[in-house]
Amino acid sequence: MEGMDPLRIGATIKIKRIQKRITQTNLAKKLEISQTHLSNAENGRVMLSLKILLKLRDIFECTVG
């Protein structure tokens, strides 16, 4: 996923998660990943797979513009 900024994506995930009042633990369960992996993604240390990003889009009810 060349050209994608993990820090920006992670920050956006964190903001959306907080706006929806979802804990990291609960979101990680919905995504079927560990809470540690989600934390690492939110802090830009790892990039989530496209499959997980698509799940996030559905959970956060985002549209592609």
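Lys55 has a relative accessible area of 23%, so this residue falls in the partly exposed class, in what should be read throughout as a predicted model. The side chain of Lys55 meets that of Glu32 in a salt bridge, with 3.7 Å from N to O. The two partners come from distant parts of the chain, since Glu32 sits in the loop between α2 and α3 whereas Lys55 belongs to helix α4, which covers residues 50–60, and 23 residues separate them. Glu32, for its part, counts as exposed because its relative accessibility is 67%, and the cut-off for that class is over 50%. Glu32 also has a backbone feature to examine, namely a positive phi of about 60° although the residue is not a glycine.

The structure holds four salt bridges, and another of them joins Glu42 to Arg17, with the closest N and O atoms 2.6 Å apart. Glu42 lies in helix α3 and Arg17 in helix α1, the latter spanning residues 6–19, so this pair ties together parts that are 25 residues apart in sequence. Are these two partners buried or exposed? Glu42 has a relative accessible area of 6% and is therefore buried, and Arg17, at 9% relative accessibility, counts as buried too; the cut-off that both values meet is under 20%.

Once its neighbours within four places in sequence are left aside, Gln24 is in contact with Arg17, Gln35, Leu38, Ser39 and Glu42. With one of these residues, Gln35, the side chain of Gln24 makes a polar contact of 2.4 Å. The relative accessibility of Gln24 is 16%, and because this is under the 20% cut-off, Gln24 counts as buried.

On the α2 side the contact is made by Gln24, Thr25, Leu27, Ala28 and Leu31, and on the α3 side by Gln35, Leu38, Ser39 and Glu42. Sorted by class, the contact of α2 with α3 comprises four nonpolar, four polar and one charged residues.

The salt bridge between Arg57 and Asp58 brings the closest N and O atoms to 3.5 Å from each other. Arg57 is partly exposed, because its relative accessible area is 32%.

It remains to look at the loop between α1 and α2, where Arg21 is found. At 79% relative accessibility, Arg21 counts as exposed, because the value is over 50%.

Terms used: Residues numbered from 1 in each chain as written. Predicted model: local features only at pLDDT ≥ 70, side-chain atom pairs only at ≥ 80, totals over all residues. Heavy atoms only, no water. Buried < 20%, exposed > 50% of the residue type's maximum accessible area, 1.4 Å probe, protein only. Polar contact = N/O pair within 3.5 Å; in protein donor to acceptor, adjacent residues only side chain to side chain. Contact = heavy atoms within 4.5 Å. Helix = DSSP H or I, 4+ residues; strand = E, 2+ residues; numbered from the N terminus. Nonpolar A, V, L, I, M, F, W, Y, C, P; charged D, E, K, R; others polar.
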